[in-house]
Amino acid sequence: MSSKKQRKKLGEERLQRIIDLCRSVEERGLDPFIVDVDDVIAVVREYFPEWELPEEFCLDAEAIHQFASVIKLQSDWVRHRSTSLYTDPFLLEEKIRRAGKEELVNIFLKAWRPIVELEQISPHSLAEAVKYWESLLPLNERWLKTDFFKTDAGSATREELVHRRILAETAFSEELEMFWEKLKQKVGEEGKILYWDFVGAETYSETLRRAYMVSFLVTYGYATLEVHRLEEEIFLKPFEKPKSLLGKEQLVSIPVSVSVEEWRKWREGKRD
Amino acid sequence: MEEMEGRQTGLKRKSYYARKVKRATHLLFYRRHKKPGVKGWELKKKLGSDYPKVLNILDNYLEKLDLTIKTVFEGEKPAEKPTVEELNKARFYVTLRGGITSKETKLCGWRIDDIAGLAMSISYILSKKGRVPRKEVEDLLRNKLPGWRVDINVNRYIRSGYLAEDENKQLYLDWRTRAEVDQNVLVDLLLGAES
């Protein structure tokens, strides 16, 4: 048992060393090839069966992550070596060290093409700036401190809140139940009514409001929809008591278009 | 009759491009953002989808003034003719076409020491695959520049957009070097130097 613990501890130390090495290569720009790929893989593979705790797996994952970054650096290095920009850094460093200031400048000037820019204010922008300056308030006016006034807390009645449209006249649930009662009355003995016959109203906005309420009636289990696909008819059927269908049946969404055209068509049909 | 119509169409096209070239000149020469130059998609928006043709006409005109329009692509320079998408993402600058003489460098407002230090920093970073610890560059600069100037100079190169520094204090080449310095030529010339 204790030898297993010791082995685990050794494995953790070795993984930590790999992480530190990979980090220093990445952060300090060291040669990525100092990391021996086969060696790292062997260590990770050797200790992987020992890991049981989440922290141990995290350490393992961190080592793999850091190692992958070094592999990327190695691949970048190979790609760079294959480009025309590759030069032996030691050779170039030597050249730079030996070259005099003037020689270095002369070389650089042959490869340097400075960007050309113009800086000039136009009469138009000057005029705009003057206009802006004239309309600009003085600092002491712009940075006026906001004064706070202490006021006593008052009270408001429910009617006042309804008047100011902060509260609705009736709670939504009450409104929904009233609507459900209306539906029950309207369906009569048949127990169902055509969707448009219930939703349709004299104005389009009222129709929209009724369609909105019906969607809640159906969703909350106060009513259901009966769809006759061939006849392209939808009936609304209220329940005697609200039913919660959640988890009991497969619920589906039924999109119903309540466009102005549909509404007009319904109204014309009603007149005929 | 046909000849007259043809001439009129030609004149119309000529004035169309003259207008576009003028607009392109304003866009390219005056800095409108933090960095100079204009992105391809901006030129497309202002000049229309035939902006590469407008730039080509302007470039021919600028040749007489020893200036050129330099295209700096987002990634590496495409090996073949760049696609419209690559051009839209690229940044366009007006740069000198030919080189400048050492006497003219004074016009840039930089001392010979500053330019030599910049040349050294860029070529050293290039030789080290594009990323070097700042300390290494500073040590190299300290060989030829007084110690107190080294930090000031490196900061100046960073401020001007020639170099950039990451959170690990590694220096790399920034947008201005990509726009102004022909990196291949610089490395070739350094390697061919007699010293």
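How many bridges join E2(A) to strand E3 (residues 233-238) of chain A? Six bridges join these strands, which run antiparallel; helices (H or I, at least four residues) and strands (E, at least two) are DSSP runs numbered from the N terminus. The model is predicted: local features need pLDDT of at least 70, side-chain atom pairs count only at pLDDT 80 or more, and totals for chains, interfaces and linings use all residues. Residues are numbered from 1 along each chain as its sequence is written, while chains are lettered from A and ligands numbered from 1 in the order in which they are written.

In chain A, an open sheet of three strands has the order E1-E3-E2, with antiparallel pairing; two strands pair if DSSP finds at least two bridges between them. Strand E1 (193-194) and strand E2 (223-228) of chain A stand at the edges with a single partner strand each, so one side of each lacks a neighbour in the sheet. A:His228 stands opposite A:Glu233 in E3(A).

The two chains also meet: 49 residues of chain B are in contact with 35 residues of chain A, contact meaning that C-beta atoms, placed from the backbone, lie within 7 Å. On the side of chain B that touches chain A, H5(B) gives the most, with 10 residues.

Elsewhere, A:Ile107, A:Phe108, A:Lys110 and A:Ala111 in H5(A) meet B:Val185, B:Leu186, B:Leu189 and B:Leu190 in H9(B). The residues of this contact of H5(A) with H9(B) comprise seven nonpolar, no polar and one charged, where Ala, Val, Leu, Ile, Met, Phe, Trp, Tyr, Cys and Pro count as nonpolar, Asp, Glu, Lys and Arg as charged, and the others, Gly among them, as polar.
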